[in-house]
Amino acid sequence: MTTTRFDRVFKAEHGAIATLMAAFGSFAEVTSLPADAVFKIELALDELMNNTIDYGYPDGDAGEISVAIERLPGRVTIDYADDARLFDPFALPEPDVTLGIDARQPGGLGVHLVRKLMSESAYSVERDRNHIRLGLVLDDPS
Amino acid sequence: MEIEEARRGTSLVVTPTGRLDSGSAPDFEARLGEDIDGGAHDVVIDLSRLDYISSKGLSALLSAGKRMKRAEGRMVLAAASGAVRQVIVISGFDRVFELHDSVDAALGG
């Protein structure tokens, strides 16, 4: 199959998450992405976008998030970039997921899920913007 | 997201349908809070009709679970499958809560 690309820019606000999910859903359908991969990519985008919006603009500035997804044979790559304050989410310590209910505090699981569900995850700063590059290997290499 | 509730003996089975994400998690957590405050002290969360769960959904479950613990009640998870189950296991929520294969198994437990 030929490479198919999704490339969109969103405002950094919660209402844009549903817009991204709908647009990605259409893309996933057109490119015949397996349901399991759709779930994982939706989750990764959801977590990253919520973090950007919730913590990235402490002064309340307007922000912009760009999402580029490439459907390649056997794999999907995701480039996520924002103009929020510079922050490497993958530098956070891994949460202790062996703790019981009393010791657990809400939060911190979003980045953990992204890291565990994706095949690759990397952070970089490019032109003063946060860039996160994710890769997902598809089990069914069609 | 829709939330169904059904009495099974002395237990309350709560079945969220659809997506448990940043949009729906606050409503879900509020509903469980009302149930617990209203005297439901044995709650099974039936995950069989959940298509999607994010960390916000997990946080809602955790907050409700802590509230239930303070009320000295029991809240367990049941019937998670596919990617929803994967998210629960990766997050260690199968240690935070009992995770049963079916609602019937959860009720018997």
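**Cores, pocket, pairs and backbone**

Student: Which residues touch the most other members of the largest nonpolar core?
Tutor: A nonpolar core is a set of buried Ala, Val, Leu, Ile, Met, Phe, Trp, Tyr and Cys residues joined through side-chain atoms within 4.5 Å. Buried means under 20% relative accessible area, exposed over 50%, and partly exposed in between, with a 1.4 Å probe and protein chains only. The largest such core has 40 residues, and those that touch the most other members are Phe28(B), Ile45(B), Leu61(B), Met75(B), Ile88(B) and Phe93(B).

Student: Before we go on, what kind of model is this, and how is it numbered?
Tutor: It is a predicted model, in which local features need pLDDT of at least 70 and side-chain atom pairs count only at pLDDT 80 or more, while totals for chains, interfaces and linings use all residues. Residues are numbered from 1 along each chain as its sequence is written, chains are lettered from A and ligands numbered from 1 in the order in which they are written, and side-chain values use heavy atoms, with hydrogens and water left out.

Student: Which residues is Met75(B) in contact with, leaving aside neighbours within four places in sequence?
Tutor: Contact means heavy atoms within 4.5 Å. Met75(B) is one of the residues that touch the most other members of the largest core. Its contacts are Leu32(B), Val43(B), Ile45(B), Leu61(B), Ala64(B), Gly65(B), Met68(B) and Phe97(B).

Student: Which element gives the largest share of the lining of the largest pocket?
Tutor: Helices (H or I, at least four residues) and strands (E, at least two) are DSSP runs, numbered from the N terminus. Seven residues, the largest share of the lining, come from helix 2 of chain A.

Student: How far apart are the closest N and O atoms of Glu42(A) and Arg19(B)?
Tutor: Side chains of opposite charge can pair when their charged atoms come close. A salt bridge is a side-chain nitrogen of Lys or Arg within 4 Å of a carboxyl oxygen of Asp or Glu. Glu42(A) counts as buried at 10% relative accessibility, whereas Arg19(B) is partly exposed at 29%. These two residues form a salt bridge, with their closest N and O atoms 2.9 Å apart.

Student: Where does that pair sit?
Tutor: The pair crosses between chains. Glu42(A) lies in helix 2 of chain A, and Arg19(B) is in strand 2 (residues 11-20) of chain B.

Student: Asp36(A) also forms a salt bridge; which residue is the partner?
Tutor: Both residues of the pair lie in helix 2 of chain A, four residues apart, about one turn of the helix. Asp36(A) is partly exposed at 32% relative accessibility. With the closest N and O atoms 3.0 Å apart, the partner is Lys40(A).

Student: How many residues apart in sequence are the parts that Arg133(A) and Asp79(A) tie together?
Tutor: The side chains of Arg133(A) and Asp79(A) meet in a salt bridge of 2.8 Å, N to O. Arg133(A) lies in strand 5 of chain A and Asp79(A) in strand 3 of chain A, so the parts tied together are apart in sequence by 54 residues.

Student: Is Ala79(B) buried or exposed?
Tutor: Most residues other than glycine have a negative phi. Ala79(B), though not a glycine, has a positive phi of about 65 degrees. Its place is the loop between strand 5 (74-78) and helix 3 (82-90) of chain B. At 14% relative accessibility, Ala79(B) counts as buried.
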